[in-house]
Amino acid sequence: MSKNIAIFASGSGSNAERIVEYFSGSEEINVKLFLCNNPEAGVIQRAERLNIPLVMFNRQAFKSGEVVKILQENQIDWVILAGFLWLVPQNMVEAFPNKIINIHPALLPKFGGKGMYGHFVHETVVANKETESGITIHYVNENYDEGAIIFQASYPVLPSDTPEDVAKKGQVLEHKHFPEVIEKVILG
């Protein structure tokens with residue numbers, strides 16, 4: 001029986017697209033839906049190009065349980081957060097216990113929490129003169145970036161690296177590992 005996944009994204013959607021490509025020939029995992037909270041997000045065009053249904057929603061629908069209902073109506077088994085910036089409400093955590101996976105652009109528990117996303121993370125890594133950074137794939141609970149860690153991969157940060165350099169290194173690891181880790185977790 002194929003598992004249906006829904007991907008939540010707030011930005012460009014490069015990880016979402018990479019996941020779709022990775023599972024395009026799979027009979028076991030099906031990317032059924034994209035969900036987005038940002039009407040300006042690049043993921044909207046990607047969904048159209050990839051022929052993946054897209055659901056736009058606002059904060060009220062997210063908090064009220066309306067989004068959970070949409071996921072259940074679409075028989076979603078797993079929720080993947082790929083550059084999604086809002087805190088997941090308790091009703092969704094309860095509806096999908098240990099079935100929500102997020103990717104974070106740093107080695108948690110460092111540089112996690114509210115407001116620590118995207119370029120803010122990379123700027124902080126550089127400002128703190130870190131010698132390494134990386135990615136963390138983790139389960140989602142009701143707190144930002146505190147769910148159990150599934151996988152981490154690191155890369156060196158050079159003294160000459162800019163936040164943009166750090167971001168590029170991280171994205172390479174994200175695109176390589178995120179789909180593989182999703183597959184391992186879902187298929188056991």
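What is the volume of the largest pocket? About 870 Å³, counted as the space filled by 1.4 Å probe spheres set on the points of a 1 Å grid. This is a predicted model: local features need pLDDT of at least 70 and side-chain atom pairs pLDDT 80 or more, while totals for chains, interfaces and linings use all residues. Residues are numbered from 1 along each chain as its sequence is written, and side-chain values use heavy atoms, without hydrogens and water.

Stop 1: A pocket is an open set of points with protein on both sides within 12 Å along at least five of seven lines, and lining residues have an atom within 4 Å of a point.

Stop 2: Colour α1, β5 (100–104), α6 (118–127) and α7; each gives two or more residues to the lining. α7 gives the most, with six.

**Stop 3: the helix pair.** Show α1 (residues 14–23) and α7 (residues 163–187). Their axes, lines fitted to C-alpha atoms over the stretch in contact, come within 9 Å and cross at roughly 45 degrees. The crossing is right-handed.

**Stop 4: the contact.** Show side chains in α1, including Arg18, Ile19 and Tyr22, and in α7, including His175, Phe178 and Glu183; these belong to the residues where the helices meet, with heavy atoms within 4.5 Å.

Key: Axes are lines fitted to C-alpha atoms, for helices over the stretch in contact, and angles run from 0 to 180 degrees between N-to-C directions. Helices (H or I, at least four residues) and strands (E, at least two) are DSSP runs, numbered from the N terminus. A crossing is left-handed if the near helix is turned anticlockwise from the far one by less than a right angle, and right-handed if clockwise.
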